[in-house]
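Welcome, and please take a moment to look at the sequence and the model before reading on. The notes below walk through a few of its parts, one topic at a time.

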Amino acid sequence: MRNAFFSSLRNSLITLVFLAVLPALGVILHASLENRTQAIRAAEAEALRVAQFLAREQQLITLRAEQLLTLLAQMPQVQAQDAAGTTAILRRLKHRNSVFSNIIALDSHGRVFASATTHGLPFWNSDGRSFAAAMESGEFTVGEYELGLRGGAQIQQIQQIQYTYPITGADGQITGVLSTALHPDRYEHVFNVASLPKGSVLSIADLNGTRLYRYPMADDTSPTGRKLVMELWDVISGPQDMGTTTVAQADGVRRIVAYVQLRLRPEDRPYLYISVGIPEKQALAGAIDTLRRDLLLLAGAALLAILVAWGVGGIVISRPVERLTGVARRLGGGELDARSGDPESFGELALLAKTLDNMADALSDDIAAREAVEVELRKSEALLRMILEALPVGVWMSDPQGRILYANHASQSLWGAYGDGLPDLETDFLAWRHGTGEPLRYDDFILAQAIAGVKPLPASQVLEIEAPHATGRLAVKCSAIRICGEDDALRAVIVVLEDITERTQREQARESVEHILRHDLRSPLIGFASLPQLLLRQPNLTEEQRDWVTRLQASAHGMLRIIDAYLKLSRIERGNLALEPVEADLLRLAHEVCTSMALLPQCSGKHVLLTLNGMSPSAGQTLLCSCEPTLVATMLSNLIKNALEASPEGGIVEVDLADLGEAVSFSVRNDGEVPRVIRNRFFEKYVTAGKPGGTGLGAYSARRIAEFHGGSAGLDCSEPGKTLVSVLLPKTQPGEAA
């Protein structure tokens with residue numbers, strides 16, 4: 001439907017007119033929002049002004065009540081509870097302070113012994129909270145909402161604000177209470193004079209949020225004694241002494257409410273809350289009328305512009321465009337000799353007519369060139385397919401749904417062919433994890449992970465498959481490459497399959513031979529290590545001979561420890577060695593390793609500096625750690641030996657042990673830098689550079705031993721001309737007591 005509408009230029013022109021009207025509509029809406037905001041602010045300011053005025057009046061009345069009751073409490077007749085004398089005084093003061101409805105005096109039991117009035121006015125409720133508050137606090141108080149008494153024993157609900165002050169005897173004891181009351185209806189005149197919009201209300205609430213007074217009265221929805229709506233109470237009882245908010249009040253009308261908190265003293269909590277509410281609808285009436293008028297004017301102007309565009313567009317644009325459309329239709333039908341004619345007859349559309357003619361000329365010239373390009377493209381595709389078929393590794397190309405679109409001959413020979421020669425992985429995927437023999441789900445296959453967008457995608461995946469013409473399972477290394485378009489959407493996935501069965505078997509055979517050699521060398525070495533002990537028992541050896549025999553014994557034990565460590569390391573690599581930690585002194589192990597390093601001929605002329613927490617260790621110091629001492633000693637030996645071999649003549653290798661609380665660290669620093677080409681692979685197996693005869697196993701075994709203990713190893717070459725290798729080991733292993 002949308003395409004059919006915009007296929008007409010006249011409709012498009014009308015749409016442009018409509019779009020041109022949108023900025024004006026935006027300006028009107030923005031102005032309306034500004035008017036709305038100003039109206040709300042004006043209503044807030046007016047309501048707050050009235051509330052502040054009423055609050056000042058109330059504070060003055062409260063001050064007068066406090067002064068009046070304080071003065072009365074000092075008079076001898078009141079302190080002596082002289083009923084006649086007190087009544088005469090109260091009547092005179094009541095006559096002078098007509099703002100108060102009554103003044104009464106009560107004894108400590110709540111019995112009235114004097115009153116300024118006797119008929120037609122509210123009396124004291126001796127069971128109320130105001131009496132108890134005055135007796136307990138001993139200070140001037142403003143009462144909470146409670147029922148008053150009118151006409152004797154009949155209890156009526158009276159809208160009043162009560163003030164109380166204690167009567168204190170000569171001994172400082174409270175002997176009674178003075179009280180007076182204020183009818184809030186005196187504020188009606190002030191509220192009416194303010195000329196607030198229709199529907200505005202005045203509310204006075206006590207310290208608990210109970211409504212003491214509402215004008216105009218609305219006993220059906222907002223009776224006296226009812227709590228204020230919670231949304232309003234949460235705002236006016238907050239930390240601000242005054243403010244404004246917009247809420248729906250108890251009568252269901254949404255109002256802009258200004259409130260003021262009244263306090264007897266700045267540090268006291270509010271004793272009264274005065275709020276003035278103006279209906280939001282009344283406050284915004286002017287802004288809404290202005291918006292309605294502006295929208296009607298804009299609609300009239302837009303309608304007039306659309307009518308003009310409809311008439312002019314048909315004459316100036318539609319007819320020339322119809323002619324050009326006919327020429328384009330003929331070109332689309334294969335008439336490459338179709339032309340628009342004289343461009344001048346198209347007026348301002350002459351450029352479009354000329355462009356259409358030029359396009360027809362270029363289209364004729366491009367047909368031959370396109371055919372030539374298609375021929376070259378077919379040749380390139382044939383060459384690429386020939387190269388892929390000649391590759392010794394398998395190559396798949398999959399679509400984003402996982403369907404194999406292409407498989408070269410090597411992949412079909414490796415994985416097998418199905419039907420037309422392409423594997424159907426959704427139904428025929430069968431593979432196992434290399435090393436464990438656990439069946440591999442298709443969702444865990446690297447192709448499925450590449451399609452699912454797993455990040456980071458593994459560099460490769462080794463799995464086992466059953467080839468159609470092979471005996472047993474083959475080990476296959478698989479890699480996946482995501483091919484994405486310019487919009488980052490997945491277009492295809494290239495999978496490379498490499499048969500690594502022979503390589504895996506060679507590595508396993510080499511590891512088996514290494515294990516056998518280490519195991520078979522251990523037995524004769526045990527005997528060799530015991531010979532120095534027998535020689536040292538001979539009494540006819542010189543001190544020099546004993547020193548050489550001692551060194552021989554240390555070397556033999558070092559070789560035995562290394563063989564034991566590498567046997568355990570071999571088991572670690574196969575995953576069948578459990579950690580059996582014992583508490584060992586790493587400082588003593590490091591000292592023994594450093595001593596044994598001094599016996600190596602390739603380390604002569606070089607020195608090892610051993611420190612503990614950056615300082616030379618003192619006698620008796622230890623650094624205890626739960627570990628396999630044989631493995632840890634081998635790890636230290638390999639790292640120190642690597643550092644000595646990499647150091648220049650006369651170099652110093654700094655070995656530092658540090659106690660980190662829950663862990664210990666071991667760092668080896670030496671002169672010389674690790675070549676950049678192997679820094680990222682420093683801890684990998686068989687990685688070495690610049691050392692004749694280097695095996696690339698020292699750093700690898702150190703990292704494996706550290707990880708076996710739950711620790712880690714790291715390389716730092718940030719300092720120019722220096723190399724720092726650090727190892728972190730936990731002091732206790734999981735399951736051990738700290």
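Contact here means heavy atoms within 4.5 Å. Among contacts in the protein chain between residues at least 6 apart in sequence, 58% join residues at least 24 apart. This is a predicted model, in which local features need pLDDT of at least 70 and side-chain atom pairs count only at pLDDT 80 or more, while totals for chains, interfaces and linings use all residues. Residues are numbered from 1 along each chain as its sequence is written, and side-chain values use heavy atoms, with hydrogens and water left out.

**The chain as a whole**

- The protein chain has 19 helices and 25 strands; helices (H or I, at least four residues) and strands (E, at least two) are DSSP runs, numbered from the N terminus.
- Of its 738 residues, 40% count as buried, where buried means under 20% relative accessible area, exposed over 50% and partly exposed in between (1.4 Å probe, protein chains only).

**The mixed sheet**

- Five strands make up an open sheet with mixed pairing, in the order β20-β22-β23-β25-β24; two strands pair if DSSP finds at least two bridges between them.
- At the edges stand β20 (607–612) and β24 (712–716), and each has a single partner strand, so one side of each is left without a neighbour in the sheet.
- On average, neighbouring strands of this sheet are turned by 15° against each other, direction ignored; axes are lines fitted to C-alpha atoms, for helices over the stretch in contact, and angles run from 0 to 180 degrees between N-to-C directions.
- Strand β23 (residues 663–671) pairs with strand β25 (residues 722–730) in the antiparallel sense over nine bridges.
- Two places where you can see these strands face each other are V664, whose bridge partner in β25 is L729, and S665, which stands opposite L728 in β25.
- β22 and β23 also run antiparallel, joined by six bridges, and D656 stands opposite S667 in β23.
- A hairpin is formed by β22 and β23, with three residues between them, and G661 in the turn has a positive phi of about 90°.
- How many of the nine residues of β23 are buried? Seven of them are, and the strand is mostly covered.

**The helix across that sheet**

- Helix α16 (residues 586–597) lies across β20, β22 (652–659) and β23, and runs at about 175° to β20.
- The twelve residues of α16 reach 16 Å from the first C-alpha to the last, close to the 16 Å expected at 1.5 Å a residue; the expected span of a helix is 1.5 Å times one less than its number of residues.
- Which residues of α16 are buried? They are L586, L587, L589, A590, V593, C594 and M597.
- Seen down the axis of α16, these buried residues fall within an arc of 160°, so they line one face of the helix; the arc is that of the directions from the helix axis to the C-beta atoms.
- An α-helix has 3.6 residues a turn, so residues three or four places apart point the same way.
- At the start of α16, a side-chain oxygen of D585 comes to within 3.1 Å of the backbone nitrogen of L587. This is a polar contact, a pair of N or O atoms within 3.5 Å; within protein, one must be able to donate a hydrogen and the other to accept it, and residues adjacent in sequence count only if both atoms are side-chain atoms.

**The antiparallel sheet**

- Another open sheet of five strands has the order β2-β1-β7-β6-β3, with antiparallel pairing.
- Its edges are β2 (112–115) and β3 (141–142), each with a single partner strand, so one side of each is left without a neighbour in the sheet.
- Strand β1 (residues 100–107) runs antiparallel to β2 and is joined to β2 by three bridges, with L106 having V112 in β2 as its bridge partner.
- Helix α4 (residues 83–96) packs on the sheet, touching β1 and β2, and its direction makes about 40° with that of β2.

- D206 lies in strand β8 (residues 201–206) and is buried, with a relative accessible area of 1%.
- The side chain of D206 reaches the backbone nitrogen of N208 at 3.0 Å, and a polar atom of that side chain lies 2.8 Å from the backbone nitrogen of T210.
- R211, in strand β9 (residues 211–215), is buried too, with a relative accessible area of 4%.
- A polar atom of the R211 side chain lies 3.0 Å from the backbone oxygen of P223; R211 and P223 are twelve residues apart in sequence and 7.6 Å apart in space, C-alpha to C-alpha.
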